[in-house]
Amino acid sequence: NDNRLHAITQVLALRYNVIPEDDAEQLLSRVCDGEFIPVSTSSMRYYLEILMQFGGKFIQKADELIDNIFGGMLADDSTTMWETAVGADDFLGAGSLCHGWSALPIYYYYRYICGITPVEAGFKTFCVDVCRIAKFGDVSADITTPHGYIHVEYDKNGETLTISHPENLQPTVTERTRNSFKNIKISTAR
C-alpha cells in the first residue's frame with residue numbers, strides 16, 4: 001500500500017493558487033522528483049499546464065512525460081494511444097488500448113509547441129504563445145477553425161514565426177513569443 005500523497009492533488013493546488021507563491025516552485029520540483037504518486041494520463045493535462053506555466057526547467061519535464069509515456073506506446077508498435085501507460089494489463093487486464101484522453105500529445109503540440117489557443121469560441125480571437133521552440137526541428141501546422149485555417153510556421157533556430165489566419169479572426173501574440181523569435185510575420189490567409 002502506497003502511503004504517499006497524490007501528485008494530482010498538489011498540481012491542482014498549484015493550478016488554483018492554493019499554495020503560497022514562495023512555496024509553489026519547490027512543491028512542483030517535489031512533484032517532478034517523484035515524491036508523490038504519479039499523475040495518471042487522465043489528469044496529465046493539468047500537470048502539463050502547470051509545468052508550462054512555470055517554464056524554465058519544468059518544460060523539459062513536460063517533454064519527458066510526453067516522450068516517455070506516449071512515446072512508450074509507440075515504441076511498443078501500438079497504433080492507438082492507451083488509457084494508461086501500462087496498457088491492456090492495467091486494471092486486472094481490463095486496460096483500454098484506445099482511449100480519448102490519451103490524445104493529449106496532440107493537444108500538447110498544438111497548444112505549447114505551435115502555441116495556438118482559442119480565446120473566444122471558434123477562434124474568433126486566439127492567442128499565440130509558443131511556450132518552447134520545438135526540439136525536433138522546424139514546425140509547420142494548420143489549425144482548423146469554423147472560419148478556415150490558422151497556419152503557424154517557424155524554424156527551430158527562432159529566426160521567424162509566421163502566422164496566417166482568416167481575416168475575420170484576431171490574433172494576439174504573447175511577450176514570451178515575441179521574445180523567442182527575431183521576426184514575427186502575421187497576415188490574413190487568402
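1. Helices (H or I, at least four residues) and strands (E, at least two) are DSSP runs numbered from the N terminus. Thr125 is placed in strand E2, residues 125-128.

2. On the basis of the note: this is a predicted model, in which local features need pLDDT of at least 70 and side-chain atom pairs count only at pLDDT 80 or more, while totals for chains, interfaces and linings use all residues. Residues are numbered from 1 along each chain as its sequence is written, and side-chain values use heavy atoms, with hydrogens and water left out.

3. Surroundings of Thr125. With a relative accessible area of 18%, Thr125 is buried; the cut-offs are under 20% for buried, over 50% for exposed and in between for partly exposed, using a 1.4 Å probe and protein chains only. Leaving aside residues up to four places away in sequence, Thr125 touches Pro118, Val119, Glu120 and Gln170, where contact means heavy atoms within 4.5 Å.

4. Thr125 and Glu120. Their side chains are joined by a polar contact of 3.2 Å. The term covers a pair of N or O atoms within 3.5 Å; within protein, one must be able to donate a hydrogen and the other to accept it, and residues adjacent in sequence count only if both atoms are side-chain atoms.

5. Salt bridges. The whole structure holds six of them, a salt bridge being a side-chain nitrogen of Lys or Arg within 4 Å of a carboxyl oxygen of Asp or Glu. Side chains of opposite charge can pair when their charged atoms come close.

6. Glu49 and Arg15. A salt bridge joins their side chains at 2.5 Å, N to O. Glu49 is in helix H3 (residues 44-54) and Arg15 in helix H1 (residues 7-15), so the pair ties together parts 34 residues apart in sequence. Glu49 is buried at 18% relative accessibility, whereas Arg15 is partly exposed at 23%.

7. Glu35 and Arg30. In this salt bridge the closest N and O atoms are 2.5 Å apart. Glu35 is partly exposed, at 39% relative accessible area, and Arg30 is partly exposed at 31%.

8. Lys182 and Glu159. The closest N and O atoms of this salt bridge are 3.1 Å apart. The pair links distant parts of the chain, 23 residues apart: Lys182 sits in the loop between helix H7 (175-180) and strand E7 (183-188), Glu159 in the loop between strand E4 (148-154) and strand E5 (160-165). Lys182 is exposed at 63%; Glu159 is partly exposed at 31%.
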